[in-house]
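This report is meant for a reader who is meeting the structure for the first time. Please keep the sequence and the model in view while reading.

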Amino acid sequence: MSTQSGLSYTGLATDGEVEDYRIDTYSICGHKYDGDNNNAPLGGWEIYIDSNSNGSWDEGEPKVTTDNSDGSYCFTNLLPGTYRIREILQNGWSISSPSAGYYDVTVGPNATGIDFINTRNRYSICGHKYDGDNNNAPLGGWEIYIDSNSNGSWDEGEPKVTTDNSDGSYCFTNLLPGTYRIREILQNGWSISSPSAGYYDVTVGPNATGIDFINTRNRYSICGHKWNDINNNGTWDTGEPG
């Protein structure tokens, strides 16, 4: 009786002269995880065998979808050999594991733990603070914040940055995709002239720039009266002409 790798002996053929063999097949299995959420499972992602190693899915290449309950997937009935396993990256996400973006997996025996971990892309919101009374010269030392609860004032825990003294610039970084309300903490003696609403609602993904604030100093008035102080008592009295 002879044996060969990848073949399993199943006994004599019915004619009693030729040995019967079956070709062994194997599986590649893993999970898909959300790296932003304590590696919670991610269902509905497509994993494929990149048969021609061109980095994209082509018609005819095996493809499966991760399970919605536990993020699992499996390729089954694979002949012995090496397979490149990739995912189809969804918009707004980056792959953090594997670092190469794929696995080269040799089966025989089965392969497990071929896991993918993804995180959402991070974005930034940047702008400047300008002095509208001085040809839009930069204003440093002003605080800009994300008004997370949209209540119009800064609350403990809400992200806050200070404009740069040299060019009035500021940036919020490492932001997940979404919409953020950007406000400033108004200093005494100043009014905001831009934006007219007093804030911006900014959607990131991609990055947002030009979220600029322009302020001017408050204007005041000095008013009084002129009268003929007939009795020279220093105050205006009824009947004294003004």
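Is C171 buried, partly exposed or exposed? C171 is partly exposed, because its relative accessible area is 37%, where buried means under 20% relative accessible area, exposed means over 50%, and partly exposed lies in between, with a 1.4 Å probe and protein chains only.

The model is a predicted one, in which local features need pLDDT of at least 70 and side-chain atom pairs count only at pLDDT 80 or more, while totals for chains, interfaces and linings use all residues. Residues are numbered from 1 along each chain as its sequence is written, and side-chain values use heavy atoms, with hydrogens and water left out.

**Disulfides**

A search of the whole structure finds two disulfides, a disulfide being a pair of cysteine sulfur atoms within 2.5 Å. With bonded cysteines counted along the chain, they follow the pattern 1-2, 3-4. C29 is joined to C74 with an S to S distance of 1.8 Å, and this disulfide is right-handed because the torsion about its S-S bond is about 115 degrees. C29 lies in strand β3 and C74 in strand β7 (residues 72-78), so the pair ties together parts that are 45 residues apart in sequence; strands here are DSSP runs of E with at least two residues, numbered from the N terminus.

C126 and C171 form a disulfide whose sulfur atoms are 1.8 Å apart, and their link is right-handed, with 115 degrees about the S-S bond. Since C126 lies in strand β12 (residues 123-131) and C171 in strand β16 (residues 169-175), this pair ties together parts that are 45 residues apart in sequence. The table lists the accessibility of several cysteines.

| Residue | Relative accessible area | Class |
|---|---|---|
| C29 | 15% | buried |
| C74 | 37% | partly exposed |
| C126 | 16% | buried |
| C223 | 72% | exposed |

Strand β3 (residues 26-34) also holds S27, which is buried with a relative accessible area of 15%. Leaving aside neighbours within four places in sequence, S27 is in contact (heavy atoms within 4.5 Å) with F75, T76, L78, V107, N110 and A111.

**Aromatic rings**

Rings of Phe, Tyr and Trp (its six-membered ring) pair if their centres lie within 6.5 Å, and planes under 30 degrees apart count as stacked, over 60 as edge-to-face and the rest as tilted. By this rule there are eight aromatic pairs. The ring centres of W45 and W93 are 5.4 Å apart and their planes stand at 85 degrees, so this pair is edge-to-face. W45 is in the loop between β4 (40-41) and β5 (46-49), whereas W93 is in strand β9 (residues 93-97), 48 residues apart. W45 counts as buried at 2% relative accessibility, and W93 counts as buried at 14%. One aromatic cluster is formed by Y73, F75, Y103 and F116.

**An open sheet**

An open sheet of four strands runs in the order β15-β14-β17-β19 with antiparallel pairing, where two strands pair if DSSP finds at least two bridges between them. β15 (160-162) and β19 (200-204) stand at the edges with a single partner strand each, so one side of each is left without a neighbour in the sheet. Strand β14 (residues 143-146) pairs with β15 in the antiparallel sense over three bridges, and the bridge partner of E143 in β15 is T162.
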